[in-house]
Amino acid sequence: MNQPPEICPHCRQKTDSLKQLRVCHRIIFVLVFARISERTETACPTCMKAILRRNLLSNILTANLLWPVLPLL
C-alpha cells in the first residue's frame, strides 16, 4: 500500500515519512512549583530534529541552570 506523500506543516516539503511526537514544550520551575506543558508536533524528520533541538536548549536552561538561582532571590 503506497500512500501519496504528505506535506510537512513546518517546511511545506513533500515527505513520505511524516513523524508525530508529543514533546515537552516548556518546563518552568519556581521554588517548589513546576509547570510542564506538552504539545504534539507533526513534522518531517529534518524539521522534527530542529524542533527537538530547540526545545532541548530552552528546557535545559530553565530546568538546570535557573532553578538553583531562584531560591536565592
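I take buried to mean under 20% relative accessible area, exposed over 50%, and partly exposed in between, with a 1.4 Å probe and protein chains only.

**Entry 1: ground rules.** I am working on a predicted model, in which local features need pLDDT of at least 70, side-chain atom pairs count only at pLDDT 80 or more, and totals for chains, interfaces and linings use all residues. I number residues from 1 along each chain as its sequence is written, and side-chain values use heavy atoms, with hydrogens and water left out.

**Entry 2: the fold.** I looked up the secondary structure and found one helix and four strands in the protein chain. Helices (H or I, at least four residues) and strands (E, at least two) are DSSP runs, numbered from the N terminus. I read the pattern along the sequence as β-β-β-β-α.

**Entry 3: whole-chain totals.** I find that 19% of the 73 residues in the protein chain are buried. The chain exposes about 6,000 Å², and carbon and sulfur atoms supply 60% of that area. Accessible areas come from the Shrake-Rupley method with a 1.4 Å probe; for residues, only the protein chains shown count as cover. I then turned to contacts, meaning heavy atoms within 4.5 Å. Of the contacts between residues at least 6 apart in sequence, 49% join residues at least 24 apart.

**Entry 4: cysteines.** How many disulfides does a search of the whole structure find? I get zero, with a disulfide defined as a pair of cysteine sulfur atoms within 2.5 Å. For cysteine 8, the closest cysteine sulfur is in cysteine 11 at 3.7 Å, which is too far for a bond. Cysteine 47 is in no disulfide either; its nearest cysteine sulfur, that of cysteine 44, is 3.5 Å away. I checked burial as well: cysteine 8 counts as buried because its relative accessibility is 0%, and cysteine 47 counts as buried at 15%.

**Entry 5: cysteine 44.** I place cysteine 44 in the loop between β4 and α1. Is cysteine 44 buried or exposed? It is buried, with a relative accessible area of 8%. Leaving out residues up to four places away in sequence, I find cysteine 44 touching Cys8, Cys11, Thr15, Ser17 and Leu18. I also looked up a C-alpha separation: cysteine 44 and proline 9 are 35 residues apart along the chain, and their C-alpha atoms are separated by 8.3 Å.

**Entry 6: the core.** I searched for nonpolar cores, each a set of buried Ala, Val, Leu, Ile, Met, Phe, Trp, Tyr and Cys residues joined through side-chain atoms within 4.5 Å. The largest has six residues, namely Cys8, Ala43, Cys44, Cys47, Met48 and Ile51. Helix α1 (residues 45-66) gives the largest share of this core, three residues.

**Entry 7: salt bridges.** Side chains of opposite charge can pair when their charged atoms come close. My criterion is a side-chain nitrogen of Lys or Arg within 4 Å of a carboxyl oxygen of Asp or Glu. The search of the whole structure returns two salt bridges. One joins the side chains of arginine 22 and glutamate 38 at 3.8 Å, N to O. This pair links distant parts of the chain, with arginine 22 in strand β3 (residues 19-30) and glutamate 38 in strand β4 (residues 33-43), 16 residues apart. I note arginine 22 and glutamate 38 as exposed.

Arginine 39 and glutamate 41 also meet through their side chains in a salt bridge, at 2.8 Å, N to O. Arginine 39 is partly exposed, with a relative accessible area of 34%, whereas glutamate 41 is buried at 7%.
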